[in-house]
Amino acid sequence: MATLETLNFDNKALRELPVDPNPDNRVRQVHGACFSKVKPTPVKNPQLVACSLPALKLLDLLPSETERKDFAEYFSGNKLLPGADPAAHCYCGHQFGVFAGQLGDGATMYLGEVVNKAGERWEIQFKGAGLTPYSRQADGRKVLRSTVREFLCSEALHHLGIPTTRAGTCVTSDSTVIRDIFYSGNPKEERCSIVLRIAETFLRFGSFEIFKPTDEESGRTGPSVGRTDILKQLLDYTVSTFYPEIWREHEEGDRQDMYVAMFREVVRRTARLVAEWQCVGWCHGVLNTDNMSIVGVTIDYGPFGFMDKYDPDFICNASDDGGRYTYSKQPEICKWNCGKLAEAIKDAVPLERTKSEIDIFDDEFSKHYTSRMRRKFGLLRKELPEDKDLVESFLKTMEETGADFTNSFRCLSRLPLPGMANFEPCRKELLDYLMTQCSTVEEMKKANQPRMDPRQLQMLFMLMQTNPGLMPALGRSFTALAAELERMEKLKDMDGITQESKTQRDRKLWDEWLQKYADRLKMEVDAAKQNSLSLETANKERTKAMDACNPRVVLRNYIAQNAIDAAEKGDFSEVRRVLKLLETPFAASDVEETLRASGEANTAVKDEETAGPSCSKGGDPSSSESHASRVVSYDSKPPEWSLDLRVT
């Protein structure tokens, strides 16, 4: 095991990829380079908010090192780890479908690569450590709320079994920056904070877009256009380092064959990754090409969100007014991004060779999604074409009743196989529980309230009436208006619906679906009997499989917000409690038992003084609106106040 002074750094990326010879750390276009050397900007009085021992173990770091007085100094950037060689990565990207030109690590910096005793190579980097040549108009800083969210969600997805970058530490400080959370003219001071990120690599699709010629739509150009020599250098580095099997197979052969093989594997990994997201109801929020990993892991946590109420049009990013990155669109957007990667490397391998490989995306996504969904429903012994209809009807019932995504899936394992003595009582109990997970009439109405500024909405209505031909040219604004009209229509459809009538309808819908599910489970019973398995054994295996892929706890926005609220007041215990819960998301034990077993007491009830979320309604984020006696219930349907939370 290693100390902070003996981490085994071997910074291969800086040896094998071109580094900007210009030492000036000022905002500029960086030509002919993949990295620029930088230094972290110190902060005042760094303090450790939390650390993930499982993530730090990847670096062979001794757990006792986290207790050192100077630990926060090293992981804020105030002190440099021996062997680290800070640099910022140059990349471009398509943002919301439009090529944006040079972007790069504006608030992030590579520290180096640590090789552990198992021979694994882990790149580590700071996010929020100060200015780089790619900071554009920003200050290179991140604040406590966004840092806590990234820290917790990186670890949450990992423990859900989803490929992701990891988070080792979360450090805050007494240094501050000004932020206007909702761009509404209500800025406030927030604490500068830094997260340590760990990954095999942070190369992304946008890393290859620095070679892009002038884009017809945006007029922007990649800073290293025409440098096919660097493109091939970057491709060779990527394949040899992260796809060694492909490198060994093609090292002596045709380079184009090797690049195609790499591209094919990137497409496969990306398809499987987004299938994993869909199966847990997770939304990335900003699936730009610069946020897509070249090794198929979840990267760059911004306005992400786990769905509460199931909604295929769920938008977790409040600034995505056009709905480009909704939950249901994530697969097609990821596939679109794969197409942009193919275009980015076309000077090394012709498009006609890579474009055809994109077609495997749909099949790979479908196979992985279907396989995961069958396990979520406990369909282990018999594969049937009509299983797709069972899944889709379940999602449709959740949508129509406004049922909670995570809890509705998790509770299905409570239903034993048909033929068992307790089947009917459990079926009734399950139906009753599902009813508690449905949205009320008021919650459904609130979810369909207009999101657009009334003045903007009125202006677009006038334009639509006077000159409708111009509407499609408005792009995202036109899409946003269409979404607003759809919400208004849904709201209108709810006129006259009482809670009593909705409850009756919801019960009927769930009762009908449970009957369909029971009929399908009878086929599982028949298959078990054919394999000479008792009902008890088959049911035990089924329940175990279901509970191992339907989480009990996910990082819902309100859970993260409670941790942020406490941390902003100097109490980091809630961040640490939530982290501990997220390490065992499938645990069958009660949440309170998990906390007690880990030595973390639970302060579930917040008093009025600490209750209000700092960004509750998209108004003045500095206001202190309270939700008296706000209860943190980590594995139940979200409280009503959480409906007001917005993340941008």
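Predicted model: local features only at pLDDT ≥ 70, side-chain atom pairs only at ≥ 80, totals over all residues.
Entry on R166 and E155. I looked up this pair and found a salt bridge in which the closest N and O atoms are 2.8 Å apart. The pair links distant parts of the chain, since R166 sits in strand β9 (residues 166-179) and E155 in helix α4 (residues 144-159), eleven residues apart. I noted that R166 and E155 are both buried.

Entry on R372 and E276. Here the side chains meet in a salt bridge, at 3.5 Å from N to O. This pair, too, links distant parts of the chain, with R372 in helix α10 (residues 360-376) and E276 in helix α7 (residues 255-280), 96 residues apart. I recorded R372 as partly exposed because its relative accessible area is 24%, while E276 is buried, at 9%.

Entry on E574 and R577. I found the closest N and O atoms of this salt bridge to be 2.9 Å apart. Both residues belong to helix α20 (residues 573-582), and they are three residues apart, which is about one turn of the helix. E574 is buried, with a relative accessible area of 0%, and R577 is buried as well, at 5%.

Entry on a network. Lastly, I looked at K127, E150, R197, R204 and D300, and wrote down that salt bridges link them in a network.

Note on methods
Residues numbered from 1 in each chain as written. Heavy atoms only, no water. Salt bridge = Lys/Arg side-chain N within 4 Å of Asp/Glu carboxyl O. Helix = DSSP H or I, 4+ residues; strand = E, 2+ residues; numbered from the N terminus. Buried < 20%, exposed > 50% of the residue type's maximum accessible area, 1.4 Å probe, protein only.
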